[in-house]
Amino acid sequence: MAIKHNQKLISTHLRKDWQRRVRCHFDQPGAKVRRRDARRAKAAAVAPRPVDLLRPIVRCPTVKHNRRARAGRGFSLEELKAAGVPRLYAPTIGIAVDHRRQNISEESLAANVARLKEYLARVIVLPRRSNAPKKGDTKADLSKVDLVSSLASAIPIVSSDKTIKEISKADLPKAIEGGAYRKLRLARSDARLAGVREKRIRDKAEAEAAKK
């Protein structure tokens, strides 16, 4: 039988052994240590390479958030072509590639191409075999080179200063007397009645001239 109106529930299903199903994160301190050890192990395994990949600069979606710049999934094929990086060679030197991403503005294309060129000027590609170096490999002594463990900190993403800015009340323009709405209505009325008023003045002047 269905219950009508705003009555209390007759039968509730809250009599279960919830203490067996609830999860308390009392292992958080230990998990923190395990994550730190995992990061150290990964850095040691990929050394002297950084642990992350180079990501492009993208804007957050929607008008509300697009003033903030963040790291994207990967560089587009157009950006790689403009920077002179083959798309199959890019992942082998630590550059993330996203073949689905499209460039819809010249500003983002130029910023990411400059980011790629900055990375290529600083990256050191070691030969797989020291006795058989290939084209593009760098002959450098690692003991004399500054190594980085994270590209996000070495080549950070900085938001440009070309977006909307907030101003203080002191910088606001002075208020319009009577309000902006009234000012606009008066301007609209003057523009609509300009011909009528000119005709009225002209007729009045002609009437006075006829009396003389």
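1. Proline 48 sits in the loop between α1 (28–46) and β1 (57–59). Helices and strands here are DSSP runs, numbered from the N terminus: a helix is H or I with at least four residues, a strand is E with at least two. The peptide bond from alanine 47 to proline 48 is cis, with omega near 5°.

2. A word on the basis. This is a predicted model, in which local features need pLDDT of at least 70 and side-chain atom pairs count only at pLDDT 80 or more, while totals for chains, interfaces and linings use all residues. Residues are numbered from 1 along each chain as its sequence is written, and side-chain values use heavy atoms, with hydrogens and water left out.

3. Next, the overall layout. The chain has seven helices and two strands. From the N terminus on, the order is α-β-α-β-α-α-α-α-α. The chain has 212 residues, and 16% of them count as buried. Buried means under 20% relative accessible area, exposed means over 50%, and partly exposed lies in between (1.4 Å probe, protein chains only). The chain exposes about 18600 Å². Carbon and sulfur atoms supply 55% of that area. Such areas come from the Shrake-Rupley method with a 1.4 Å probe; for residues, only the protein chains shown count as cover.

4. Now contacts along the chain. A contact means heavy atoms within 4.5 Å. Take the contacts with a separation of 6 or more: residues 24 or more positions apart account for 55% of them.

5. Which residues have the most contacts inside the largest nonpolar core? They are Leu54, Phe75, Leu80, Val85, Ile95, Leu116 and Tyr119, in a core of 15 residues. α3 and α4 each supply at least two residues of this core. α4 gives the most, with four residues. A nonpolar core is a set of buried Ala, Val, Leu, Ile, Met, Phe, Trp, Tyr and Cys residues joined through side-chain atoms within 4.5 Å. In soluble globular proteins, nonpolar side chains tend to be buried together.

6. Isoleucine 95 is then in contact with Leu54, Phe75, Leu80, Val85, Ala90, Leu116, Tyr119 and Leu120.

7. Is arginine 101 buried or exposed? Arginine 101 counts as buried, because its relative accessibility is 18%. Its place is the loop between α3 (77–83) and α4 (106–122). The arginine 101 side chain makes a polar contact with the side chain of glutamate 79, at 2.9 Å. A polar atom of the arginine 101 side chain also lies 3.1 Å from the backbone oxygen of glycine 74. A polar contact is a pair of N or O atoms within 3.5 Å; within protein, one must be able to donate a hydrogen and the other to accept it, and residues adjacent in sequence count only if both atoms are side-chain atoms. Beyond its neighbours within four places in sequence, arginine 101 touches residues including Pro56, Ile57, Val58 and Asn112.

8. Asparagine 112 is in helix α4. Asparagine 112 is buried, because its relative accessible area is 0%. Leaving aside neighbours within four places in sequence, asparagine 112 is in contact with Pro56, Ile57, Phe75, Glu79 and Arg101. Alanine 111 is in helix α4 too. Alanine 111 is partly exposed, because its relative accessible area is 36%.

9. Check threonine 62. Its phi is near 75°, a positive value in a residue other than glycine. Threonine 62 is found in helix α2 (residues 62–65). Threonine 62 is exposed, with a relative accessible area of 52%.

10. Cysteine 24 is partly exposed, at 45% relative accessible area. Cysteine 60 counts as buried, at 8% relative accessibility.

11. Last, helix α6 (residues 180–192). The expected span is 1.5 Å times one less than the number of residues. For the 13 residues of α6 this gives 18 Å, and the end C-alpha atoms are 18 Å apart, so the two agree. α6 is hardly covered: one of its 13 residues is buried.
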